[in-house]
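Trainee: I've got the structure up on my screen. Can we go through some of the labels and ask where they come from?

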Amino acid sequence: MYVSDEFIDRILDGSASNSEVEEFQLWLQVPENLERYALRTELHADLRRSLQRKHIETNALNEGTVNSLKESNSPQKTRHMQKVRTSKGLLLTVTGFATAACLFIAFLQLAGRNNPIPTQHPTALVISNVSGVLTKDGQLWTDSSLPVGGYELQKGLLNLQFGGGVMVYVEAPASFDAVNDKRVVLHRGRLSARVPPEGIGFTVETPEAEVVDYGTEFSVDVESGASEVHVFDGLVRVHPGMSNQRDSSKSVDLKASQALRISDDASEPEDISLATDRFIRNFDEPSLNYARAIKRLSPLAFYRMPIRDRGLVSEPLEYSGVVLTGDGKRPPHAKGVFVGGSLRVGADSTGRGGRVDSPPAWNTEQFSLTVFVYLEEASHIGTVATNLNDERGNFSLSLDESGKLQATIKDRDGDLISLTGDSSLDLKSWRHVVVTVDGEAVSFFEEGKLVASTPFKALAVSESDPLWFGTDASLTDVWNGRIDEVALFDRALSADEVASLYRTAQEEIARLP
């Protein structure tokens with residue numbers, strides 16, 4: 001917390017808000033800060049004392065002037081008056097210091113009585129909050145530090161920093177206890193941790209196990225009577241069993257690329273596959289080469305699908321939308337094709353798609369859509385993106401009955417033309433897809449190559465018809481996976497431009513750790 005002299009002045013004159021006073025009380029716990037506050041308080045007292053002295057001296061001078069008119073100006077009387085003024089000044093100085101001290105002590109006593117200053121240090125600091133709703137003991141918690149206690153992350157994402165520089169990323173919904181700056185109890189939900197050498201020994205306890213880190217990157221998932229531990233780098237030691245029933249002889253060491261599941265209904269821990277895409281392990285949304293390549297092509301709207309709970313952010317912002325959610329288990333965001341986030345729909349997610357109420361209009365008779373798609377479970381339905389709704393709209397990209405992607409385009413006469421991709425989508429694998437309309441044909445590209453084309457003349461006009469991602473207008477044709485890096489154009493990208501975009505994407509993926 002940065003505290004200026006002006007801020008301290010507002011504290012002293014009572015104009016600071018309650019939340020500011022609470023933060024200030026935490027700031028005062030540092031001895032150097034307390035000393036600084038005392039000096040500022042003394043300065044205020046000096047100013048008041050100076051004003052009082054001027055007032056008294058003025059009165060004394062006036063009184064002396066009156067007396068001088070009444071009495072003679074004898075040297076004895078002059079020396080007497082000087083002594084009186086000097087004594088009064090000394091008395092005021094002592095009184096001023098006493099007053100300042102009393103005010104300072106009274107302020108601390110009053111603050112301690114109304115808002116007790118916690119004697120414990122924070123267990124963690126909030127580094128980043130992405131649409132997070134955090135509660136402590138049932139009350140909304142908005143402080144930048146977390147003292148010891150139980151917390152519920154009802155929505156969004158939190159990046160917390162614990163002792164030793166340990167970075168922890170928590171996904172809603174989650175319930176956890178902050179025990180100290182080296183220990184967290186995760187009752188349910190997911191968290192990921194990056195532990196530098198200074199943080200070795202950081203511990204995550206769950207109902208089924210205790211996970212002790214030895215300088216690594218790992219994730220923990222607690223749900224339905226089971227705990228999973230996934231190690232992406234380094235080493236962790238897992239002690240299975242409830243806190244009062246752990247047997248050190250059954251402890252398991254997990255190294256990079258290993259994962260373990262401990263459940264109530266299994267007598268032994270179970271080796272499982274590492275979930276490389278399930279956990280959000282950072283909140284970075286870097287400026288990637290692919291994004292720069294898209295922007296050079298001047299899209300009407302570009303949806304990078306960054307990590308947001310309710311925002312479907314566009315570049316430019318005027319075409320942004322909202323994420324649709326429903327009853328499910330997980331939030332509508334996940335790791336993207338690159339480092340950033342993606343929109344997660346259906347599957348094991350609360351995501352039910354996204355909607356843009358005021359997208360750009362298409363009036364040029366040409367069109368392009370570029371997107372990365374990821375299918376998590378086999379399906380024969382699912383919309384990637386569309387603005388078709390009864391008589392409105394002019395395009396759609398969705399799965400057909402054979403599990404292939406199908407583009408449907410409406411022409412100026414209101415007729416719908418469809419063409420299908422080359423092959424069914426592989427599960428849990430990203431595919432780059434581009435659809436273009438150039439006034440002569442509709443073309444379908446996958447992985448940078450033209451896989452289908454059919455004659456087509458003029459695209460139907462779309463005057464900002466609502467746009468859906470991951471679902472259709474009826475909210476029933478839900479995609480079962482992830483959608484990322486959606487760009488919309490009012491012109492047809494050339495085959496060379498499509499191939500170049502795909503090469504850029506491959507280069508970007510190849511350089512990632």
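Trainee: Which residues line the second largest cavity?

Mentor: Keep in mind that this is a predicted model. The lining consists of E171, R190, D277, R278, R330, P331, H333, A334, R344 and R482. The volume of that second largest cavity is about 40 Å³.

Trainee: How do you know that it belongs in the count of cavities of 30 Å³ or more?

Mentor: Set the value against the cut-off: the volume is about 40 Å³, and the count takes cavities of 30 Å³ or more. The structure holds two of those.

Trainee: What makes up the lining of the second largest cavity by class?

Mentor: Seven charged residues, two nonpolar and one polar. Asp, Glu, Lys and Arg count as charged, which puts E171 and D277, among others, in that class.

Trainee: Next, the helices. Why are helix 5 and helix 6 called roughly antiparallel?

Mentor: Helix 5 (residues 289-296) and helix 6 (residues 495-511) have axes that cross at roughly 160 degrees. Angles over 145 degrees count as roughly antiparallel, so the pair gets that label. Their axes come within 8 Å, and the crossing is right-handed.

Trainee: Which residues make that contact?

Mentor: Helix 5 brings N289, Y290, A293 and I294, while helix 6 brings L501, T504, A505, E508 and R511. By class, that's five nonpolar, two polar and two charged residues.

Trainee: What makes the backbone at D137 worth a look?

Mentor: Its phi is positive, about 55 degrees, although D137 is not a glycine. Most residues other than glycine have a negative phi. D137 sits in the loop between strand 1 (124-136) and strand 2 (139-140).

Trainee: And which peptide bonds are cis, with what omega?

Mentor: One joins A172 and P173, with omega about -5 degrees; another joins E315 and P316, with omega about 5 degrees. P173 is in strand 5 (residues 167-180), whereas P316 lies in the loop between strand 16 (311-312) and strand 17 (321-325).

Methods
Residues numbered from 1 in each chain as written. Predicted model: local features only at pLDDT ≥ 70, side-chain atom pairs only at ≥ 80, totals over all residues. Heavy atoms only, no water. Axes fitted to C-alpha atoms, helices over the stretch in contact; angles between N-to-C directions. Helix = DSSP H or I, 4+ residues; strand = E, 2+ residues; numbered from the N terminus. Parallel < 35°, antiparallel > 145°, perpendicular 65-115°, else oblique. Left-handed = near helix turned anticlockwise from the far one by under 90°. Contact = heavy atoms within 4.5 Å. 1 Å grid on protein atoms, 1.4 Å probe; cavity = no way out; pocket = protein on both sides within 12 Å on 5 of 7 lines; lining within 4 Å. Points joined across faces, edges and corners; volume = space filled by probe spheres on them.
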